[in-house]
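Please look through the structure shown here before reading on. The paragraphs after it take its parts in turn.

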Amino acid sequence: MCGTAKPRLSYSVVMLPVSQLRPSEKIDIEAARILATKIDENGWWTQPILVEKHHSVIMDGHHRYFCARALGLCFVPCVLLSYEDPNLHVSYWSDASPVAVDRIIQAGLSGDLMSYKTTRHQLQVALPRCSVNLDDLR
């Protein structure tokens, strides 16, 4: 069995500073405001943000990132992942063709954000959920 990578079946939630995260796509501001209100009313953060582990570029969770900033959070639950992960599939929302990963990283590092819903990051396994009181993230 040499040379075959074992797919990772579970992922850990880690707390990262909101200031460390780098968005790569624009968002629907109104939808993000509605989500921020729901999270604030609930008082709990329940879904981690998917983050590329080498550059802290947000893979999935741009609206939740907006919410964290809008709610004045210092930390946010995240799952760190590599684009080399065999469970990860990245495509365009508009079609199923693969996305050049360096384009995503460059958008996150430069701040020149891609359009809303450009990329779609899908894992073949379920991401862990979390339940963190918002006061613990401030």
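Helices (H or I, at least four residues) and strands (E, at least two) are DSSP runs, numbered from the N terminus. The model is predicted, so local features need pLDDT of at least 70 and side-chain atom pairs count only at pLDDT 80 or more, while totals for chains, interfaces and linings use all residues. Residues are numbered from 1 along each chain as its sequence is written, and side-chain values use heavy atoms, with hydrogens and water left out.

H2 is followed by Gly 72, which has a positive phi near 70°. The buried residues of H2 are His 62, His 63, Arg 64, Tyr 65, Cys 67 and Ala 68. Here buried means under 20% relative accessible area, exposed means over 50%, and partly exposed lies in between, using a 1.4 Å probe and protein chains only. These buried residues of H2 pack against H1, strand S2 (44–45), S3, S4 and strand S5 (75–81); contact means heavy atoms within 4.5 Å.

How do H1 and H2 lie relative to each other? Two packed helices are described by the angle between their axes and the distance between the axes. The axes of helix H1 (residues 29–42) and helix H2 (residues 62–70) come within 9 Å and cross at roughly 60°. Axes are lines fitted to C-alpha atoms, for helices over the stretch in contact, and angles run from 0 to 180 degrees between N-to-C directions. H1 and H2 are therefore oblique to each other: angles under 35 degrees count as roughly parallel, over 145 as roughly antiparallel, 65 to 115 as roughly perpendicular and the rest as oblique. H1 passes H2 in a right-handed crossing. A crossing is right-handed if the near helix is turned clockwise from the far one by less than a right angle, and left-handed if anticlockwise.

On the H1 side, the contact is made by Ile 29, Ala 31, Ala 32, Arg 33, Leu 35, Ala 36 and Ile 39, which meet His 63, Arg 64, Phe 66 and Cys 67 in H2. The residues of this contact of H1 with H2 divide into eight nonpolar, one polar and two charged. In this count Ala, Val, Leu, Ile, Met, Phe, Trp, Tyr, Cys and Pro are nonpolar, Asp, Glu, Lys and Arg are charged, and the others, Gly among them, are polar.

The next element is a sheet. Four strands form an open sheet in the order S1-S5-S3-S4, with mixed pairing; two strands pair if DSSP finds at least two bridges between them. Its edge strands are strand S1 (14–17) and S4, each of which pairs on one side only. From one strand to the next, the twist averages 55°. H2 packs on the sheet, where it touches S3, S4 and S5, and its direction makes about 120° with that of S4.

Within the sheet, S1 and S5 pair in the antiparallel sense over four bridges, and Leu 16 has Val 76 in S5 as its bridge partner. S3 and S5 run parallel and are joined by four bridges. Leu 50 stands opposite Val 79 in S5. S5 is mostly covered, with five of its seven residues buried.

A separate pairing involves strand S6 (residues 88–92) and S7, which pair in the antiparallel sense over five bridges. Val 90 stands opposite His 121 in S7.

Gln 124 lies in the loop between S7 and strand S8 (132–133). At 56% relative accessibility, Gln 124 counts as exposed. Leaving aside residues up to four places away in sequence, Gln 124 touches Asn 87 and His 89. The C-alpha atoms of Gln 124 and Leu 88 are separated by 6.5 Å, although the two residues are 36 residues apart along the chain.

Two loop residues remain. Most residues other than glycine have a negative phi. Ser 56, in the loop between strand S3 (49–52) and strand S4 (58–60), has a positive phi of about 60° although it is not a glycine. Ser 56 counts as buried, at 10% relative accessibility. Lys 117, in the loop between helix H3 (101–110) and S7, has a positive phi of about 55° and is not a glycine either. Lys 117 is partly exposed, with a relative accessible area of 39%.
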